Amino acid sequence: MSEPRLGVGFIGSGFNAKFHMLGWKGVRDADVLGVWSPNAKNAASAAAYARGLDVGAAKPYKSITDMVADPAIDAIWLTGPNHARIENVEEVCDAVARGKGTLKGIAIEKPLARNVAEAKEVLRLVKKAGLPHGYLEDQVFAPQVEAGRDLLWARGAATTGRPYLARAAEEHSGPHAPWFWKGELQGGGVLNDMMCHSALLVRHLLTKPGDSLATVQPKRITAHIASLKWSRPHYAKQLAKTHGRDIDYTKHPSEDFASLSIEFETSDGYTVIGEASTSWSFVGAGLRLSAELLGPEYSMQWNSLDAGLRLFFSREVKGKTGEDLVEKQNAEMGLMPVVAGEAVAYGYEAEDRHFVRCFLGKETPRLTLEDGVEVVQMLMTAYRSAEEGKTLDFPARGIDKFVPAVARGDWHPPRQGR
């Protein structure tokens with residue numbers, strides 16, 4: 001008898017969905033069979049992209065309900081924009097509840113929602129529908145992170161004691177789509193968009209392989225946010241030219257830099273620290289992911305731009321701008337790092353393979369929507385810490401009802417240069 005296969009439908013057709021599809025080349029027991037987007041042309045384009053990768057006979061659907069109702073679709077990967085998260089989840093769960101279709105699971109991209117209230121509503125809807133679920137966080141599955149973490153815990157921590165300090169950063173020059181830049185749609189700025197990666201990654205590194213994240217509990221959070229680049233008049237004008245005049249960072253900016261310190265308490269009685277920073281104002285070859293883990297007699301370092309491959313192009317090499325060397329590529333000449341197999345390097349392939357196996361009953365989910373809710377709680381506590389200018393206990397009182405000033409359009413950073 002042949003092994004069962006999982007038919008997967010995507011909600012969302014943009015940059016993130018296509019990265020998952022690219023990672024699907026390393027997934028053996030599932031096929032990308034469907035795509036829905038509010039823009040039918042984009043859905044058709046993403047489905048064609050999946051077929052071109054030979055990862056499944058994907059086709060566009062007219063509605064989420066139609067996709068759920070198709071017996072070929074066994075699971076949903078939700079990769080759409082933050083502001084549509086609730087309505088997308090509602091339609092999936094409503095279709096299941098009304099018997100339009102059955103699903104073996106739903107996997108939802110980071111961040112789970114724009115604030116804690118929305119995150120808890122996503123969890124409530126999915127649990128009420130009785131759906132197995134997973135929280136998509138690629139960096140936890142990055143092969144360099146996994147190999148380094150496993151080796152340090154097996155060799156260093158086992159002989160000299162647990163690690164006590166983890167650092168993580170994600171930095172690039174800014175998002176692709178206009179909605180990311182609008183605080184009310186995205187839920188904030190770079191802290192909400194990317195600190196969800198880094199806050200979870202430092203906790204993951206500090207957690208012994210095989211143990212639950214609950215063994216490393218966040219207790220106190222200190223954060224800072226700033227608009228360092230994109231609210232300067234010259235760059236605000238450039239942003240409006242690229243993404244539309246309704247994105248006016250001279251009047252309604254989001255933070256383009258955030259830093260975070262989390263004090264954790266471990267189940268064996270230690271205090272350990274996680275430090276993270278994220279940036280949309282990074283100037284470099286392109287996206288840079290980095291992480292460190294330090295213990296009594298050992299350490300690890302990871303930098304995604306130390307990829308082992310570099311190309312050089314002189315001034316005589318002319319061509320169109322693109323992202324063929326690295327995500328968020330910023331230049332086309334000079335000495336350039338190349339990240340070959342980005343979907344593998346960033347962890348998309350491994351996380352997709354893992355959650356496919358979970359929904360086929362072969363593995364237990366390493367990250368669930370409960371983990372996604374806790375990440376949002378950390379992010380909102382960080383926003384409030386930054387607004388109040390002080391360290392806050394976690395979870396902060398009243399955090400379930402908190403909406404950051406950036407997301408409300410009420411944030412006014414100090415003037416930064418000309």
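The side chains of glutamate 349 and arginine 353 meet in a salt bridge with an N to O distance of 3.1 Å; a salt bridge here is a side-chain nitrogen of Lys or Arg within 4 Å of a carboxyl oxygen of Asp or Glu. By this rule the count comes to 27 salt bridges. The model is predicted: local features need pLDDT of at least 70, side-chain atom pairs count only at pLDDT 80 or more, and totals for chains, interfaces and linings use all residues. Residues are numbered from 1 along each chain as its sequence is written, and side-chain values use heavy atoms, leaving out hydrogens and water.

**Salt bridges within helices**
- Glutamate 349 and arginine 353 are four residues apart in helix H11 (residues 348–359), about one helical turn; helices (H or I, at least four residues) and strands (E, at least two) are DSSP runs numbered from the N terminus.
- Glutamate 349 is buried at 18% relative accessible area, whereas arginine 353 is partly exposed at 30% (buried is under 20%, exposed over 50%, partly exposed in between, with a 1.4 Å probe and protein chains only).
- Arginine 149 pairs with glutamate 146 at 4.0 Å, N to O, and both residues lie in helix H6 (residues 143–160).
- Both arginine 149 and glutamate 146 are buried.

**Other salt bridges**
- Glutamate 171 bridges to arginine 288, with the closest N and O atoms 2.9 Å apart.
- This pair joins strand S7 (residues 165–171) to strand S11 (residues 288–295), and the two residues are 117 residues apart.
- Glutamate 171 counts as buried because its relative accessibility is 13%; arginine 288, at 27%, counts as partly exposed.
- Glu3, Asp29 and Lys362 form a salt-bridge network.
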